[in-house]
Amino acid sequence: LTRLPPDAKVVFCSPVLDNWPVEFGRELAVRGYSCSIVSPDGTAGPGYGQRIGGLHRRLRLRALERSGVAVTDWPIDQPVEYALQRTLTEI
């Protein structure tokens with residue numbers, strides 16, 4: 001974070017399956033950086049574990065949005081260009 005120029009716009013990619021991306025996004029937002037996350041959804045599926053993982057992921061994505069981080073939820077059946085185009089037009 002100390003190496004980022006003051007006017008940096010940060011885009012990072014994570015499936016948000018743990019709290020690290022939430023903490024990172026919050027820290028960027030607190031420091032005044034424009035921040036977006038592209039999050040591939042690997043939790044889609046019929047299993048209970050996938051559904052519970054998906055619920056936790058959605059809660060983390062909401063926490064990021066509340067922190068001021070722009071969230072692009074990327075369906076993994078779509079090409080990466082789809083997610084990047086949506087994300088980069090918002091910056």
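In this talk, a residue is called buried when its relative accessible area is under 20%, exposed when over 50%, and partly exposed in between (1.4 Å probe, protein chains only). At 0% relative accessibility, Val16 therefore counts as buried. Val16 has a positive phi of about 55 degrees, although it is not a glycine.

Colleagues, the model is predicted: local features need pLDDT of at least 70 and side-chain atom pairs count only at pLDDT 80 or more, while totals for chains, interfaces and linings use all residues. Residues are numbered from 1 along each chain as its sequence is written, and side-chain values use heavy atoms, with hydrogens and water left out. The predictor's confidence in each residue, pLDDT, runs from 0 to 100, and the protein chain averages 91.

I turn now to the salt bridges. The term denotes a side-chain nitrogen of Lys or Arg within 4 Å of a carboxyl oxygen of Asp or Glu. A search of the whole structure finds three.

Which residues are linked in a network of salt bridges? They are Asp41, Arg57 and Asp73. Between Arg57 and Asp41, the closest N and O atoms are 3.7 Å apart. Arg57 lies in helix α2 and Asp41 in strand β2, so this pair ties together parts that are 16 residues apart in sequence. Helices (H or I, at least four residues) and strands (E, at least two) are DSSP runs, numbered from the N terminus. Between Arg57 and Asp73, the corresponding separation is 2.4 Å. Arg57 is buried, with a relative accessible area of 1%, whereas Asp73, at 33%, is partly exposed.
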